[in-house]
Amino acid sequence: MDKVTDSKRKKITELLKKSYKGSKKAVKKTLQLTALLHLGTQANYCYSGSRTTPERTLFESEFNFSVNGFREDIEDKEGSLSKIANAAHKERLEKPFDLNVLRISSDDYLKRSIPGQAEFILAKGGEFYDGINLFFMGWIDYEWINLSSTFLYSTIHHEIKHLKTDQILSEHPEFKERWLALSRDEYGNNLHTSFIKNYVLPKLWFFEKMATPDFFESAENEKLGFISNRARVWWYEDVAELCGNAESRYYEEDFARWIYEDKNEKIIAKVQLAQEYRLIPAEFSEYIEVQKDHEESEKGTKESIDSFLKRSEEFLEKNPLTVYEITLREERGEIFEKSRNFYKAIAEYKQGLLAEFKDYRNYLEIIENLTDCYKQLGDRYKTSLYEKAQKEYAARFKANDITVIIKGVNDFLLMNGEKL
């Protein structure tokens, strides 16, 4: 019985050894195949994601930084590159910045970098961010911005504000302490909470139940000088939130309330500091006051309209190269158009077309308004010309021809005999 048992044991041991060796080979082959697959994904990420196209070549020649990513996330998306150009152009007019690469990440796991693939696995929804600024902690002189494939226009401004903050700190390290001084309570305690606890951990799927971010009422945030919950998690985010939202028409009413109505001293001080270091235009607060007058003028009283026209004219004379010109020209033109003073409206609109910064939304609206003015005047040729200009602009914008952001379709109008 012992001999039979020993024989069986030997056979079982041999089978186990063979099974182990087979499993080891299978695991090894699986790892090799996985490594080869990921090596292939990284080669594709580097080659296809950095491929040169006419649109990207033109963009880089204009802005001096490249846009990387897969074609389906850039050229094949209508207006994607045009919107990036619009934000970048406005930001460089306000304060020049250095950037090497802006990358649009794919939402496809196989078209991501290795850190991007790790993010896809670890983060809820596959992404930690809509955008991120990688400044390499000053180790090397290389600036990189990453945007998700579904990035918001506001995110571009937000990330460029981070970039500008980094560059300010390299020359003016006191900026950080001056900002932090505006974010302390009466006992000197920092009122920012925790970036890791409130922003990073809640995005990790395995911390979903354990990591509950702090929630603060907007009234409480504002009282302490923060314009949002995100601004409260870290001084670095505080800067980008305030300065990025200062680029948005959506927040103008809020800034008017904070600066002129409620007179929130902490937010006013942060705005003034941002203006001092040119993170936002020096004339921003004054522009907000003009917009406050514009909102009042929409009530339609002669006094309020006259006040806005006077204040906006003074503002434009004082700030001839302001990025806000096209907005004010459109608003002034609309006032004259409503009162059927079409020739004055046309003059304002055309000055808007010549503004140094031609925001794509204002520019197209001005073209549409000019069409209406000429239609009201019975000028069929000009009406037809501006209708064609609308189509020309829309076509170029959707095709990611970034010259439309810098020049509009003024070339088209001039070629067709229009005087600007």
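The model is predicted. The protein chain holds 20 helices and four strands. Of its 420 residues, 47% are buried. Among contacts in the chain with a separation of 6 or more, 64% join residues 24 or more positions apart.

**Helix α10 and its neighbours**

- Helix α10 spans residues 235-245, and 11 of its 11 residues are buried.
- Helix α12 (residues 265-276) packs against α10 with an angle of about 85 degrees and an axis separation of 11 Å.
- The two helices α10 and α12 are therefore roughly perpendicular to each other, since angles of 65 to 115 degrees are classed that way.
- On the α10 side this contact uses D238, L242 and C243, and on the α12 side I267, K270, V271 and A274.
- Sorted by class, the residues joining α10 and α12 are five nonpolar, no polar and two charged.
- Helix α6 (residues 174-181) also meets α10, with axes that come within 10 Å and cross at roughly 85 degrees.
- The pair α6 and α10 is therefore roughly perpendicular as well.
- Here F175, K176, W179 and L180 of α6 face W235, D238, V239 and L242 of α10.
- The contact of α6 with α10 is made up of six nonpolar, no polar and two charged residues.
- D238 and L242 of α10 take part in the contact with α12 and in the contact with α6.

**Helix α15**

- Helix α15 runs over residues 325-338, and its 14 residues reach 20 Å from the first C-alpha to the last.
- That span is close to the 20 Å expected at 1.5 Å a residue.
- Because 12 of its 14 residues are buried, α15 is largely enclosed by the rest of the structure.
- Buried positions of α15 include the charged residues E325, R329, E330, E331, R332 and E337.
- I326, L328, I335 and F336 are also among the buried residues of α15.
- The cover over these buried residues includes α13 (284-297), α14 (302-318), α16 (342-353) and α17 (360-376).

**Loop residue S105**

- S105 sits in the loop that links β2 (101-104) to α4 (114-122).
- With a relative accessible area of 11%, S105 is buried, because the cut-off for buried is under 20%.
- A polar contact of 2.9 Å joins the side chain of S105 to the side chain of N146.

**Loop residue I402**

- I402 is located in the loop between α18 (380-398) and α19 (403-407).
- Its relative accessibility is 1%, so I402 counts as buried.
- Leaving out residues up to four places away in sequence, I402 touches L58, F59, E62, F63, L81, S82 and A85.
- One of these residues, E62, is 340 residues from I402 along the chain, yet their C-alpha atoms are separated by 8.8 Å.

Note on methods: Residues are numbered from 1 along each chain as its sequence is written. This is a predicted model: local features need pLDDT of at least 70, side-chain atom pairs count only at pLDDT 80 or more; totals for chains, interfaces and linings use all residues. Side-chain values use heavy atoms; hydrogens and water are left out. Buried means under 20% relative accessible area, exposed over 50%, partly exposed in between (1.4 Å probe, protein chains only). A polar contact is a pair of N or O atoms within 3.5 Å; within protein, one must be able to donate a hydrogen and the other to accept it, and residues adjacent in sequence count only if both atoms are side-chain atoms. Axes are lines fitted to C-alpha atoms, for helices over the stretch in contact, and angles run from 0 to 180 degrees between N-to-C directions. Angles under 35 degrees count as roughly parallel, over 145 as roughly antiparallel, 65 to 115 as roughly perpendicular and the rest as oblique. Contact means heavy atoms within 4.5 Å. The expected span of a helix is 1.5 Å times one less than its number of residues.
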